[in-house]
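Here is a friendly note to read alongside the model.

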Amino acid sequence: MLRICSLFLFVFALSAEQADWIWSAGYVITENSNARVIENGAVAVRGERIIAVGTRAEIEARFTARQRLDRPDAILAPGLINTHTHAAMSLFRGIADDMRLQDWLEKFIFPAEAKNVDAEFVRWGTRLGCLEMLLGGTTTFTDMYYFEDVVAEAAREAGMRGVLGETIIGFPAPDHKTPVDALGFTERYLARFASDRLIVAAVAPHALYTNSDETLKAARALANRFHAPLIIHVAETKKEVDDEMSKRHTTPVGTLDSLGVFNGLTVAAHCVWLTEADMAILKAREVGVAHCPSSNMMLASGVAPVVRMLALGIPVGLGPDGPAGSNNDFNMFEEMDLAAKLQKVSKLDPQALSAASALEMATIGGARVLGMEKEIGSIEAGKRADMIVVRLDRANAVPVYDPVSQMVYALKADDVRDVMVNGKPVVRDGAILTLNQAQILEKAREYRDKVRASLR
Ligand SMILES: [Zn+2]
């Protein structure tokens with residue numbers, strides 16, 4: 001009998017497929033096209049990709065894994081996708097809050113940037129941002145700032161996926177004094193990261209109102225030459241729209257479209273003040289929208305027409321924006337919660353935007369915004385293994401009637417326990433594996449003193 005048993009095990013071991021990892025959890029939220037949630041589910045990973053998803057019993061019958069992670073009291077979900085932020089500004093967190101945008105920019109941010117932002121500032125700020133984002137379950141971030149090659153190096157070191165755009169702006173910036181210099185640098189940057197596993201290099205003209213038409217056209221042409229995304233702030237404030245209307249009698253979206261800026265993969269951040277005609281343009285040009293509810297609320301920018309955009313089929317993702325004066329953190333759980341609640345309260349309709357829609361925007365919807373929906377955003381065989389485990393063993397997490405609703409309205413970034421990006425664990429049991437947390441926190445404190453002294 002013993003011999004038959006061992007023979008059976010031997011044959012079984014031979015026939016089982018090999019995986020590098022099996023992660024199992026009480027619930028697997030897949031975000032596949034059927035929005036399937038699997039109770040007692042598991043995911044098999046080989047190399048950089050997910051190779052199978054199913055019930056724990058199915059996966060265990062089919063695969064043997066070199067390593068396993070079993071979290072029966074948790075949710076396994078796709079890694080969260082941040083579609084708009086400025087990571088290195090984390091070192092300015094809380095520098096000047098509760099102010100008018102113009103005062104905030106002119107009295108604090110521009111002087112603080114001019115006196116402090118260099119490559120090392122960006123490196124430490126991005127490390128701090130990646131640390132917070134990974135610990136909170138964000139596996140992909142979309143960034144626009146200066147020294148974006150350094151942002152890319154820091155993201156790669158953190159093991160985080162990034163769509164990272166070099167900012168091009170019509171006045172002297174910390175890294176380049178003219179848009180021509182910035183465009184030249186961006187071209188070299190795009191070439192350097194052209195085939196990176198984790199980094200998608202992008203072109204990021206700051207906004208319509210901070211760039212000339214020529215710079216905007218050149219930015220689009222450069223992005224298209226490298227098949228790179230273009231990231232831009234669009235129609236964030238009523239003032240931006242009013243100014244453009246009095247200047248050219250068109251909306252910012254109308255002007256950008258007539259300049260050809262949307263002729264290629266575009267991530268438009270904010271899109272708060274849109275007309276029906278603007279939304280028709282965004283839909284026709286397949287522009288992705290990064291909705292930033294915390295930022296829009298904190299800066300009193302307004303309420304983006306998210307429900308209408310989703311109904312039209314415009315891809316909408318979520319972003320924390322910020323983190324200095326316009327949020328001030330990188331918490332995608334908060335963005336999901338606020339995205340749903342902001343639509344509800346502004347429409348006086350509790351059914352305006354559901355938990356399922358909010359979670360979709362933070363995952364597969366965000367992937368669509370970035371043109372990466374075939375690679376990330378859901379837990380499906382063939383996709384990159386970007387996934388998170390969120391604990392269900394705390395006071396705010398029990399009981400569970402609906403895991404999707406729990407993710408959006410009850411769970412917190414701090415409940416994230418494990419994170420995998422591109423097949424590699426980067427957070428294990430709430431601890432970062434890729435970065436030196438103590439050193440990053442210490443550096444952030446040092447920068448606070450330096451920035452404060454520079455503003456005296
Ligand atoms: Zn922004």
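1. A definition to begin with: two strands pair if DSSP finds at least two bridges between them. Helices (H or I, at least four residues) and strands (E, at least two) are DSSP runs, numbered from the N terminus. The model is predicted, so to speak of local features a pLDDT of at least 70 is needed, side-chain atom pairs count only at pLDDT 80 or more, and totals for chains, interfaces and linings use all residues. Residues are numbered from 1 along each chain as its sequence is written, and side-chain values use heavy atoms, with hydrogens and water left out.

2. Now find the open sheet, where eight strands follow the order 3-2-1-4-13-14-15-16 with mixed pairing. Strand 3 (49–55) and strand 16 (431–432) are at the edges; each has a single partner strand, so one side of each lacks a neighbour in the sheet.

3. Look next at strand 13 (residues 387–391), which runs antiparallel to strand 4 (residues 63–78) and is joined to it by five bridges. Two places to check are A74, which stands opposite R391, and L76, whose bridge partner is V389. Strand 13 also pairs with strand 14 (residues 416–421), again in the antiparallel sense, over four bridges. There, V389 stands opposite D418.

4. How many of the five residues of strand 13 are buried? Five of five are, where buried means under 20% relative accessible area, exposed over 50%, and partly exposed in between (1.4 Å probe, protein chains only).

5. Which residues hold the zinc ion? Its protein donors are H84 (NE2), H86 (NE2), H233 (NE2) and D321 (OD), at 2.1 to 2.4 Å. Donors here are N, O and S atoms within 2.8 Å of the metal (3.2 Å for Na, K and Ca); water is not among the atoms, so sites may look incomplete. Along the chain the donors have the spacing H-x1-H-x146-H-x87-D. H233 in strand 9 (residues 230–234) and D321 in the loop between strand 12 (316–318) and helix 13 (332–347) are 88 residues apart, linking distant parts of the chain. H233 is buried at a relative accessible area of 5%, and D321 is buried at 4%.

6. The structure has zero disulfides, a disulfide being a pair of cysteine sulfur atoms within 2.5 Å. For C130, the closest cysteine sulfur is that of C292, 17 Å away, which is too far for a bond. C292 is in no disulfide either, and its nearest cysteine sulfur, in C271, is 9.5 Å away. C130 is buried, with a relative accessible area of 0%, and C292 is buried with 0%.

7. Finish with helix 17 (residues 437–454), whose 18 residues reach 26 Å from first C-alpha to last, close to the 26 Å expected at 1.5 Å a residue. That expected span is 1.5 Å times one less than the number of residues. The buried residues of helix 17 are I440, Y447, V451 and S454. They fall within an arc of 55° seen down the axis, so they line one face of the helix. The arc is that of the directions from the helix axis to the C-beta atoms.
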